[in-house]
Amino acid sequence: MSGFHWDWAFAWSIVPALAQGVVVTVIATAGGSALAFVLGLIWTFVRVAQIRIVTPAVWFFVQFIRGTPLLIQLYFLFYVLPTWGLSVSAFATGVIGLGLFFSAYTAEIYRAGIEDLPPGQWEAALTLGLPVRRAWTGIILPQAIHAVLPMLGNIVVSMFKQTALLSTITVLELLASGMAIGQMTYRFVEPLTLVGAFYFVVSYLSARALRSLETRDEVRA
Amino acid sequence: MKSVPDTNAALLQMRGVSKSYGGRKILDRIDLDVAAREKVAIIGPSGSGKTTILRVAIGLVRPDEGTIRIDGAYLWHAETQAGLKPAGERHARKVRRAVGIVFQQFNLFPHMTAIENVREPLVHALGLARGESDARAADLLTQVGLTDHLAKYPAQLSGGQQQRVAIARSLALRPKIMLFDEVTSALDPELVGEVLRVVRELAHASDMSMLIVTHEMAFAADIADRVLMFDQGQIVEEGAPAQVLKAPQNPRTQKFLRALLER
């Protein structure tokens, strides 16, 4: 059985090809995270502002995103939007899909961060005559976002792993790169092992880094 | 009993102010005047409405009934030719500018240093330039004895120091009346003195009116022109400190002061 044989020379030889997949995966994660952070903040503001029709509509949309699988959303964006005349590259579709999906979760995280602030912070801002805008940007958001940074970090780590789904919409990220090598060489052990190992190492190190960030915060507070 | 000061001179004027929470009357038709430069202390058991009257005075709480005037302007009403009309938060924002408050829990902004805390209202409420606001913030912190702690975060300061930063911060807008809400209740006993000293100096040196909720009777006797005894949302006794604190007439005041002595 050649399947269980591990060929170091072959493994080394495919690293450059996989590295290109890593680059795509990392950029997709970065782009998706940026989008999720910004969109989530917008959803949160729409919710706080209590605008008629808009707020319930946005909140239904957020619940809908949370309640359906990311894979279906990616397929929808990839196969259905072009038929409506909206066509973007597979990569951009993937980044938008990831950003939208995770924005439903960042919105919830921001909301929790804002609600957990002591009411005295609002009262101080109000009684010191700060404009509402400044109270948000200078007092409430910096504290709320700082408090939820570890949770936002977890979102990035989750998204990093979920980028593998982009392989299903033809994005040549890390998993797709590994599969392509397998299909060309009929050797799957080395590429898939390396791909899995890479996901694991990055996730593990990120989780550890986030934990140390949290404990350092506790010391400071 | 000392009479209510002349209406025109009253910096804070409440008429028939009531507030209920969940069917419980916290403030029951309160009439209260604080004259310019007058220092008024409020005493009373917990739950008597002492804190609520301060929150109402600065517009953090809107009363169910009654009117509040600050330096002549109605806090929750607009004056029209047809009479008084209820007004909203936007109106109240302008009027409450003349009122400052120091909270029991300090409510400093924890992500800002001492000087940034004091600078915040100078820059964003008054619109002062950075340089001028820095100088003024440093002055205010010097005034409360914190010259050496300008760049420290609240978490790096003792409770007494944090409360003094909060006092400096609320002085920044130069309020005409300052409210103190049990400003030493959250402090360790050994830190109470430094905060009371600052408030006392302020009371003696400044022209501000003050409305002070406190459990420190010696302090109240020292700085107050008038003491109000609150119980169940009403002012049950008022007068000069020597009278209310030393020779109370109302049985509820007598009981409250006796309980404090036996503590």
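This is a predicted model: local features need pLDDT of at least 70, side-chain atom pairs count only at pLDDT 80 or more; totals for chains, interfaces and linings use all residues.
**View 1. Strand β9 of chain B and its burial.** Strand β9 of chain B covers residues 177–181 and is mostly covered, with five of its five residues buried. The side chains of this strand are divided between two directions: B:I177, B:L179 and B:D181 point one way, whereas B:M178 and B:F180 point the other way. Residues on both sides of β9(B), B:D181 and B:F180 among them, are buried.

**View 2. The strands paired with β9 of chain B.** Strand β8 (residues 99–102) of chain B runs parallel to β9(B), and four bridges join the two. Within this pairing, B:G100 has B:M178 of β9(B) as its bridge partner. Strand β10 (residues 209–213) of chain B is likewise parallel to β9(B), to which five bridges join it. In this second pairing, B:S209 of β10(B) stands opposite B:I177.

**View 3. The β-α-β unit of chain B.** Helix α6 (residues 189–205) of chain B forms a right-handed β-α-β unit together with β9(B) and β10(B). The two strands of the unit are parallel and share five bridges.

View 4. Chain B contains nine helices and 12 strands. Its radius of gyration is 19 Å, close to the 18 Å that the globule rule gives for 263 residues, so chain B is as compact as a globular protein of that length. The C-alpha trace of chain B spans about 55 × 50 × 35 Å along its principal axes. Buried residues make up 47% of the 263 residues of chain B. Among the contacts in chain B with a separation of 6 or more, 64% are between residues 24 or more positions apart.

**View 5. The contact between chain A and chain B.** In this interface, 18 residues of chain A are in contact with 18 residues of chain B. Helices α5 (119–127) and α6 (132–162) of chain A each contribute at least two residues to the side of chain A that touches chain B. That side of chain A comprises eight nonpolar, seven polar and three charged residues.

Methods
Residues are numbered from 1 along each chain as its sequence is written. Chains are lettered from A and ligands numbered from 1 in the order in which they are written. Two residues are in contact if their C-beta atoms, placed from the backbone, lie within 7 Å. Ala, Val, Leu, Ile, Met, Phe, Trp, Tyr, Cys and Pro count as nonpolar, Asp, Glu, Lys and Arg as charged, and the others, Gly among them, as polar. The radius of gyration is taken over C-alpha atoms; the globule rule is 2.2 Å times the number of residues to the power 0.38. A residue is buried if 20 or more other C-beta atoms lie within 10 Å of its own, exposed if 12 or fewer, and partly exposed in between; C-beta atoms are placed from the backbone. Two strands pair if DSSP finds at least two bridges between them. A crossover is right-handed if, with the strands pointing away from the viewer, the path from the first strand over the helix to the second runs clockwise.
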